[in-house]
Amino acid sequence: MAIKDLLTQFLDSYLVKRDWETALSFLSDDVISLGTGAQEVALNKEDLRNLMIHEFETLPDGFHYEISQYCQKKYREDLYGVFCSVLTTTEDEEGLELSFQTRLTMTAARKGDKWEIINLHMSSPADQQEDEEFFPIKYGRQAVGKLEPAASKKLIDIMLSMLPGGIMGGYLEEGFPLYIINDTMLDYLGYTYEELIEETDEKMKRIIAPEDRDRVEKTIYESIEKTGGYDIQYRIIRKDSTRLWVNDKGHEIITEDGRRAMISIMLDINESIKLQEKLRQEAMEDSLTGILNRKGAISHIEECLSMNQPGAMLLMDIDNFKQLNDTYGHQAGDQVLILLGRIMQKYSRRGDVAARIGGDEFILFLPGFTQEVLLKKRAEDICSAFRQAAETYDKVALSVSIGIAVSCQGSNFDQLFKQADDRLYAAKKSGKGTWAY
């Protein structure tokens, strides 16, 4: 199934047909949804089921929708991310067409032979406000006058029930004194209104994680100066001292008393950040040994070399590894790979790069470590430690051979790897279980 087809089938069931059972069939059991249902947040399919049932009872009529600006990104063969704009339209009791523009992000994962939605997030672009309209409503050509205040309030209530996000405003003054805050934002923080006031003395800068405060303050003031608004991600501190990642999109306003302030919508992106970090780790780490993989090694080593930082590469290969697999089985082979990974970590300093680059080949890159006598000692220690640890597999003469190469100014990864590979070949030719410098 195409990823866009998955999205449209879900939206058809959810928005048009108002068929919650079919809509839920496209979602994983542990789906996280922001912006669907009366309570805005669902942390699994059961939560979402309850929210949908309540929403459909309140708003039984379907909506028309149109997808634009569709973009999808492939993270892995079994994982995709989607961004698009969704224009939703409906009619009020008098036949007046109402439209609402949203942005939607979605993450889809393949589980077995089925694609499922594991994350949904809808938001409203803040720059769509026109004059005094809170929502970007376009009136039909035959419409006379605008919505009455009561109808506007009803529409706002409906829209707010379907949108995620905490609303908060602060004065553009020292410490960002509190201007407004809604219940959703208080829920994010874990405070009651009274507790928040007492804890912060109404200085909203205090809810920003200390490590992010200077960056956030600088970005807000600079962005507002240039464009009148800002869009930034950072961590806030909750009542229980945990940190929550939020996406804060705000705009400058002038309050009734003439003071400059900002008002923003904050979205909880904690799970999205965790997913990004997990994907980054999976892309850069070797799942068996827990050290870096080839991609991770190249990235870190190239970064060191690009700054003309000298260093040495130790390229390692396990001798008689195929014989080990044939004699003891591949499970034993995996244990030996893990064993060498742990030995490399033992003989690594903070900032060194330890990686398994494929099969039974490993790299240890030592930034700033170029003295010949020390490099030879390090290689000998690793050879000795591996030989002793592998004695359990006594039917095979296990050892590790190492090729050592030292970078020079202007070296890149491929050049240094070629030099270390030549030295590794020389070490194996000389009898294995040793090193060549």
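Angles under 35 degrees count as roughly parallel, over 145 as roughly antiparallel, 65 to 115 as roughly perpendicular, and the rest as oblique. This is a predicted model, where local features need pLDDT of at least 70 and side-chain atom pairs count only at pLDDT 80 or more, while totals for chains, interfaces and linings use all residues. Residues are numbered from 1 along each chain as its sequence is written, and side-chain values use heavy atoms, with hydrogens and water left out.

**View 1. Helices α10 and α11 pack together.** Helices (H or I, at least four residues) and strands (E, at least two) are DSSP runs, numbered from the N terminus. Helix α10 covers residues 321-328 and helix α11 covers residues 330-346. Their axes lie 7 Å apart, at an angle of about 135°. Axes are lines fitted to C-alpha atoms, for helices over the stretch in contact; angles run from 0 to 180 degrees between N-to-C directions. The two helices are therefore oblique to each other. Phe 321, Leu 324, Asn 325 and Tyr 328 in α10 meet residues of α11, including His 330 and Val 336. Contact means heavy atoms within 4.5 Å.

**View 2. Five strands form an open, mixed sheet.** The order is β13-β14-β12-β15-β16. Two strands pair if DSSP finds at least two bridges between them. The edge strands, β13 (353-358) and β16 (435-436), each pair on one side only. Strand β15 (residues 399-406) runs parallel to β16, joined by 2 bridges. Here Gly 403 stands opposite Ala 436. Helix α12 (residues 372-389) lies across β12, β14, β15 and β16, at about 165° to β15. Helix α9 (residues 294-306) lies across β12, β13 and β14, at about 135° to β13.

**View 3. Six strands form another open, mixed sheet.** The order is β2-β1-β6-β5-β4-β3. Leu 27 stands opposite Ile 117 in β6. Helix α3 (residues 45-58) lies across β1 and β2, running at about 60° to β1.
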